[in-house]
Structures are given as structure tokens and as C-alpha cells.
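Please read the following notes with the sequence and the structure open beside you. They are set out as numbered points.

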Amino acid sequence: MDIYFYNTLTRKKEKFEPINKEEVRLYSCGPTVYYYAHIGNLRAYLFMDNLRRVLKYNGYKLKHVMNITDVGHLVSDADEGEDKMMKAARRENKDPFEIANFYLDAFLKDIDKLNIDRPEIIARATEHIDVMEEYVKKIIENGYTYETEDTIYFDTSKLDKYGVLSNKNVEDQKAGARVEFDNGKKNISDFALWIKAPENHIMKWDSFFGKCYPGWHLECSAMSYKYLGDLFDIHTGGMDHIPIHHENEIAQSKGFSGHIPANYWMHVDFLTVDGGKMAKSLNNLYTLEDLEQRGYEPQVYRMFNFTSNYRTPINFTFEAMDSAKIALNRLREGYLAHLEGTANIDEEQINEYEQKFLEAINDNLNMPVAMSVIWDIVKNPNKSKTLANLLLKFDEVLGFNLKNHEKQENIIPQEIIDLAEKRKQARENKNWNESDRIRDEIISKGFQIKDTAQGYEITQ
Ligand code: AMP
Ligand code: ZN
């Protein structure tokens with residue numbers, strides 16, 4: 001069955017035609033590892049996971065690259081403000097490389113907890129500085145740059161058009177308008193490719209232009225070229241990447257190879273919290289761990305994301321998370337009920353479910369409709385192993401690990417048992433405050449503990 005994706009480049013839904021039918025090549029803009037990922041960031045990677053799973057379900061092999069920005073870039077996409085990595089290094093009194101390693105590790109743990117299917121290649125910017133340098137040299141050779149005393153700029157006026165993705169008028173852009181170090185930029189949309197590092201700049205590398213560091217748009221162009229070539233199928237990122245970061249990636253590729261690097265550009269919309277922006281200052285910025293501490297396992301957040309299409313904003317509330325938690329339990333119980341069933345289901349009925357599910361996911365990843373097929377199966381009063389197997393098959397796209405749940409049902413995690421043991425010890429020492437505190441912690445992780453003559457009993 002054909003797949004249709006909304007392509008930001010053409011501003012319409014298009015039939016997906018891969019360059020090579022055997023293997024789809026894709027690139028996703030990954031995280032800047034200067035702090036923990038928040039649940040908004042994680043929405044972007046759940047979308048990426050969803051796309052991977054849908055392509056695989058349709059029989060494609062994938063070669064997918066995601067970058068890790070572990071070299072400082074400025075706090076805004078438009079080369080303005082402070083360097084994010086340096087700022088974090090100062091905040092935590094650490095080396096920026098230590099910061100990057102620490103938060104990269106935290107990020108990978110988060111995506112594993114969410115059962116996000118990892119891209120085949122995860123490429124760290126700092127391990128590709130030489131690739132970026134060669135890339136810049138070729139753009140220079142092709143005549144798309146100019147240099148000031150400390151920066152090599154991309155000259156956007158050399159392009160037939162700058163802003164193909166957002167279709168914007170160059171005059172409207174504020175990009176770079178307030179760059180402090182800039183004293184020789186020619187056009188408002190020009191951006192830094194290669195920058196001479198000031199004395200106190202920690203992340204810097206020897207290069208043809210002295211001790212430098214790369215502009216942040218460069219890593220995606222250079223690394224996608226290295227692993228996927230100068231033309232690949234799909235490029236993904238957050239909506240916020242459209243106006244600057246992706247325009248600049250396209251500009252760089254045009255300067256390097258003469259054309260736009262990917263055929264389909266897909267962008268995921270934002271997560272809002274209580275209808276507004278998520279910000280530390282508003283005390284509404286949540287990480288996956290915050291959700292876990294409130295008793296929501298990571299898969300509940302996955303379920304919550306399936307209530308909207310990736311191209312629409314989604315509003316996070318704890319009420320919505322409670323509904324997602326109920327829905328996840330319903331799915332697991334529905335699966336187990338079918339697993340024990342003996343009813344016969346006609347082939348026609350199975351085909352109908354399969355067709356509807358495939359139509360939904362191939363219609364630009366329409367997960368709310370795909371989930372409605374899941375609920376139809378769960379609600380089917382004829383309990384049957386065939387339907388349990390069908391749910392397992394669809395779970396390749398959903399990613400809830402239903403199969404695993406079957407094995408782990410009623411198994412209490414070691415972490416909870418350790419807490420229960422600690423609580424038992426506290427009770428023996430008559431440390432009632434500590435015992436109550438541990439009980440609350442156990443409850444916050446989604447378990448109940450009851451004292452019995454033998455010690456305690458834990459239930460889920
Ligand atoms: P960063 O690590 O800041 O580069 O962001 C990583 C990804 O998260 C990017 O693709 C952003 O577009 C995306 N992102 C940031 N904030 C949100 C949000 N509130 N909702 C959805 N995606 C977001
Ligand atoms: Zn990128």
C-alpha cells in the first residue's frame with residue numbers, strides 16, 4: 001500500500017517514493033546535550049520512532065542518522081546569545097565535554113525507557129570536526145562564502161532562493177541581526193559556518209582558519225553527507241527548525257552539492273503544558289523522571305502522544321496522562337484476554353482490521369485513527385489468540401512492548417523490593433517518618449504496600 005507523508009518542502013501530502021526501494025535513508029536532528037531532555041523534546045523523538053516503525057512495518061530497511069550536538073551552539077538558532085554548552089559548563093562547574101557525556105547518557109536512557117527505536121547511526125558532532133572542515137572548504141571553493149576577521153560566513157545572496165522551506169521573505173528575517181561579534185556580515189540571513197575561537201573558548205580545533213569551532217547548522221549537513229550521501233529520502237526535526245536551522249542546512253547543501261539534500265522534510269509540532277509554553281521559570285518543565293516520580297511509567301507518555309497527530313500541537317495535562325494510563329492498562333488487559341481466548345475469527349474480519357490499521361499509519365502517521373482500530377480489537381467480545389497475535393503485530397508500530405508485558409506481568413521490579421526492604425528495616429528501628437516516606441515513594445512509583453504477619457505484600 002502506498003504511504004503518504006506531509007512534506008514541508010512542498011506544503012502538501014505526497015506519495016512517498018524512496019530513492020532506493022531496498023533502503024530508506026533518513027536524517028533526524030538530534031538533541032543538544034547540555035541539559036536533561038524535557039517531555040517536549042521527547043515528543044520529537046517519539047515522532048522519529050513512529051516514523052521508523054511505520055517504514056519498517058511497510059517492509060523497508062532503514063539507514064537513519066541522528067546527530068548529537070555536543071559542541072556549543074548559541075542559545076538561539078539565529079547565532080544569537082550565549083553558547084549553550086559553555087553556559088552549562090559554567091552552571092555545573094564542569095568541562096563542556098563532561099557535560100556532553102553526562103547528558104548524552106541521560107538522553108539515551110530516556111529514549112530506551114520510552115522504547116524508542118534507535119537510529120542505525122548516532123553521530124556526535126565533536127567526532128566529525130574533520131568532516132565539517134572538509135565540507136566548509138568545498139563550500140568556499142564553490143564560491144558561496146566570504147570571510148571577516150574571525151568568521152567564515154555563508155553568503156545567502158549567492159543562492160537562487162534562500163528560504164525555500166518556510167517560503168519566507170528574506171527581508172522579514174531577524175536572523176543574526178544582533179550578533180555581537182559580527183562586524184562584517186553582508187545579508188541579514190547570512191550565517192556563520194566556521195568561527196575563530198576566542199582565547200577563553202574551551203571547545204576549539206586546529207583548522208585551515210586557525211583555532212576554530214563550527215557554526216551549529218554545519219554538523220547536520222556534513223554528517224548527513226558523510227553517511228547518507230548528498231541526496232537522501234527524509235529529513236526530520238521539530239517545527240522550530242523550519243525557519244532557520246533547516247533553511248541553513250539547505251543553503252549549505254546547495255553551496256556544497258548544488259541541491260536540496262532530502263526529498264521529504266517532516267516536522268513535529270510542539271507540546272504545550274496546560275495550554276502554554278513549558279519553561280523552568282513557570283515550574284511546568286517536566287522530564288521523564290518527573291513523570292515516573294508521579295507514578296506514570298514511560299509508556300504512558302507514549303500512549304498520551306498517540307492521541308494527536310504529530311503535525312498538531314498537543315497539550316500536556318495530568319488529567320490527560322491519567323486517561324493515557326487507563327488506556328494503556330486497557331490495552332494490556334485486552335491483549336491478555338485475547339491471548340487466553342479460543343473463539344474463531346473470520347479471515348475477512350482480520351483483513352479488515354489489517355487494512356484499516358495500515359491505511360491509518362500510511363496516511364501521514366495518523367495514530368489517533370490507528371488507535372481506534374486497536375480499541376475495536378480490544379473491545380471485540382470474541383476473545384481469540386488470533387486477535388492477540390494481531391495486536392502483537394500492530395505493536396511493532398505502537399512500540400508498547402506488549403509481548404514483554406505478558407512475561408513480566410505481576411513481577412515486582414527489584415527497585416521496589418529494595419525500597420520495601422529498606423522500609424521494613426526502618427519499621428524495625430521504629431523510624432516511622434522514614435517508613436512513611438518510603439511508603440509514599442513506593443506509591444509514587446505505581447505500587448501499593450501492605451503490612452502482613454509475614455512482613456509485607458506489594459501489589460501493582
Ligand atoms: P534541542 O535539544 O533544544 O535542540 O531540541 C531537541 C528537539 O526537541 C528539537 O527537535 C526541538 O524542535 C524539539 N522541541 C523542543 N521543545 C519542544 C516542545 N515543547 N515540543 C516538541 N518538541 C520540542
Ligand atoms: Zn539539524
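1. The arrangement around the zinc ion (ligand 2) is irregular because its 4 donor atoms subtend angles of 81 to 129°. Ideal angles are 109.5 degrees for four tetrahedral donors.

2. The zinc ion (ligand 2) is held by Cys29 (SG), Cys220 (SG), His245 (NE2) and Glu249 (OE), at 2.0 to 2.5 Å. Donors are N, O and S atoms within 2.8 Å of the metal (3.2 Å for Na, K and Ca); water is not among the atoms, so sites may look incomplete. Along the chain, the spacing of these donors is C-x190-C-x24-H-x3-E.

3. Cys29 lies in the loop between strand E3 (23–28) and H1, while Glu249 is in helix H6 (residues 242–257), so the pair links distant parts of the chain, 220 residues apart. Helices (H or I, at least four residues) and strands (E, at least two) are DSSP runs, numbered from the N terminus. Both Cys29 and Glu249 are buried.

4. Asp49 belongs to helix H1 (residues 39–57). Its relative accessibility is 1%, so Asp49 counts as buried. Buried means under 20% relative accessible area, exposed over 50%, partly exposed in between (1.4 Å probe, protein chains only). Beyond neighbours within four places in sequence, Asp49 contacts (heavy atoms within 4.5 Å) Asn115, Ile116, Asp117 and Arg302.

5. The chain is divided into domain 1 (20–268), domain 2 (275–410) and domain 3 (414–459), with bounds from an automatic or database domain assignment. The centres of domain 2 and domain 3, taken over C-alpha atoms, are 31 Å apart.

6. This is a predicted model: local features need pLDDT of at least 70, side-chain atom pairs count only at pLDDT 80 or more, and totals for chains, interfaces and linings use all residues. Residues are numbered from 1 along each chain as its sequence is written, chains are lettered from A and ligands numbered from 1 in the order in which they are written, and side-chain values use heavy atoms, with hydrogens and water left out.

Notes
Tetrahedral: all angles 85-135°; square planar, octahedral: opposite > 155°, others 65-115°.
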